[in-house]
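Please take a first look at the sequence and the structure shown below.

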Amino acid sequence: ISDKLLQFIIPPGELSKTRRQKEEIEDWMLQQGCDRDVCVVAIGGGVVGDLAGFVAATFMRGVKFVQVPTTLLAMVDSSIGGKTAIDTPEGKNLIGAFHRPVRVYT
């Protein structure tokens with residue numbers, strides 16, 4: 001995908017940080033023809049940053065990731081440390097990776 005902007009909107013809230021939502025995003029990206037040259041841009045709070053960052057960390061073994069945090073907590077927490085994760089029924093943020101964004105816009 002060159003010179004093409006794609007948009008995937010997730011429902012707000014912690015309930016979106018799931019394996020199912022991650023799978024839905026990844027399948028959609030593959031259907032859109034995304035490859036290793038894609039750059040995932042996360043615009044939102046901590047949930048969006050965690051989920052999008054984890055997708056970026058694992059999609060095709062890692063792609064570029066830009067974060068545009070919209071809450072103070074997201075600015076400090078997920079965008080600076082590069083922590084990305086999803087929740088499981090057993091607890092919060094139990095499956096994830098460290099994947100630092102190439103750029104953070106605040």
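**A buried charged group**

Lysine 17 and aspartate 50 are both buried, a word that here stands for under 20% relative accessible area, with exposed meaning over 50% and partly exposed the range in between (1.4 Å probe, protein chains only). The model is a predicted one, in which local features need pLDDT of at least 70 and side-chain atom pairs count only at pLDDT 80 or more, while totals for chains, interfaces and linings use all residues. Residues are numbered from 1 along each chain as its sequence is written, and side-chain values use heavy atoms, with hydrogens and water left out.

The side chains of lysine 17 and aspartate 50 form a salt bridge at 2.7 Å, N to O, the term meaning a side-chain nitrogen of Lys or Arg within 4 Å of a carboxyl oxygen of Asp or Glu. Because lysine 17 lies in the segment before H1 and aspartate 50 in helix H2 (residues 46–58), this pair ties together parts that are 33 residues apart in sequence. Lysine 17 also meets aspartate 87 in a salt bridge (3.7 Å, N to O). Aspartate 87 belongs to strand S3, so this pair ties together parts that are 70 residues apart in sequence. Salt bridges that share partners join Glu14, Lys17, Asp50, Asp87 and Lys92 into one network.

**The strands**

Strand S3 (residues 83–88) runs antiparallel to strand S4 (residues 91–98), and 5 bridges join them; strands are DSSP runs (E, at least two residues), numbered from the N terminus, and two of them pair if DSSP finds at least two bridges between them. S3 and S4 form a hairpin with 2 residues between them, and threonine 84 stands opposite alanine 97 in S4.

Key
Helix = DSSP H or I, 4+ residues; strand = E, 2+ residues; numbered from the N terminus.
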